[in-house]
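Trainee: I have a model to go through. Could we look at its aromatic rings?

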Amino acid sequence: MTDITSEPQFDNFFALFEQPVQFEINQSNLEQRLRLLQKRFHPDNVAKNQTDMVQAQLQSEKASALINQAYQTLSAPDSRAGYLLDMADQAQNIEHSIADLDFLEDAMQMRMDLDDAIEDKDLVALQQLHPQITNRLAIQSERFNSAYQNQDWQTAIDATQKLKFLVKLNADVTTGLDDVANSSHSDDDDLYV
């Protein structure tokens, strides 16, 4: 990490987190920089160095919100891809519908399987779905990375759209796994009453 006394660049999330402007990032360095920035811009630390406490508090809150937004953007593959496209002035079509019917059919089947597994509290089905989704995320991430490096904007946009869907699906399966595991543990408590 570089010297933290230099003023961070809030207008560029990659510069703020001292990451190269690329799709592949070092998650550990990202988290380390987050902690460093949070500490540096914590209201108690900022207020010590300024005479106007109200102004210092406002600046600290604004900086903290931007730091958190930047971290959330860079830590998830879909938002990081969208941010890179935005930086390249290529993000105008990201919100359009996915045109790949095979992907949509596969994704909708996974969504239905996920919903059924959550409703049935089927831990085995959820555990089988999770690596399938993770694999599809890795494929689309690699697809985006290659397209971005080659400035194949249409493919990069398509991969970003698919990443958005898959990231949401992955979050839902993770939540489902946690919920089912927690509900099975709470059922165990009934045995000891």
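Trainee: How many aromatic pairs does a search of the whole structure find?

Mentor: This is a predicted model, where local features need pLDDT of at least 70, side-chain atom pairs count only at pLDDT 80 or more, and totals for chains, interfaces and linings use all residues. Residues are numbered from 1 along each chain as its sequence is written, and side-chain values use heavy atoms, with hydrogens and water left out. Rings of Phe, Tyr and Trp (its six-membered ring) pair if their centres lie within 6.5 Å. The search finds eight.

Trainee: Are the rings of Phe13 and Tyr83 stacked or edge-to-face?

Mentor: Planes under 30 degrees apart count as stacked, over 60 as edge-to-face and the rest as tilted. The centres of Phe13 and Tyr83 are 4.7 Å apart and the planes are at 10 degrees, so the pair is stacked.

Trainee: How many residues apart are Phe13 and Tyr83?

Mentor: Phe13 is in helix α1 (residues 13–16) and Tyr83 in helix α5 (residues 77–87). Helices here are DSSP runs (H or I, at least four residues), numbered from the N terminus. The pair links distant parts of the chain, 70 residues apart.

Trainee: Is Tyr83 buried or exposed?

Mentor: Buried means under 20% relative accessible area, exposed over 50%, partly exposed in between (1.4 Å probe, protein chains only). Tyr83 has 13% relative accessibility, so Tyr83 is buried.

Trainee: Which residue has its charged end over the ring of Phe23?

Mentor: A charge sits over a ring if NZ of Lys or CZ of Arg is within 6 Å of the ring centre and within 35 degrees of the ring normal. Here the charged end is 4.6 Å from the centre of the Phe23 ring, and the residue is Arg80.

Key
Helices (H or I, at least four residues) and strands (E, at least two) are DSSP runs, numbered from the N terminus.
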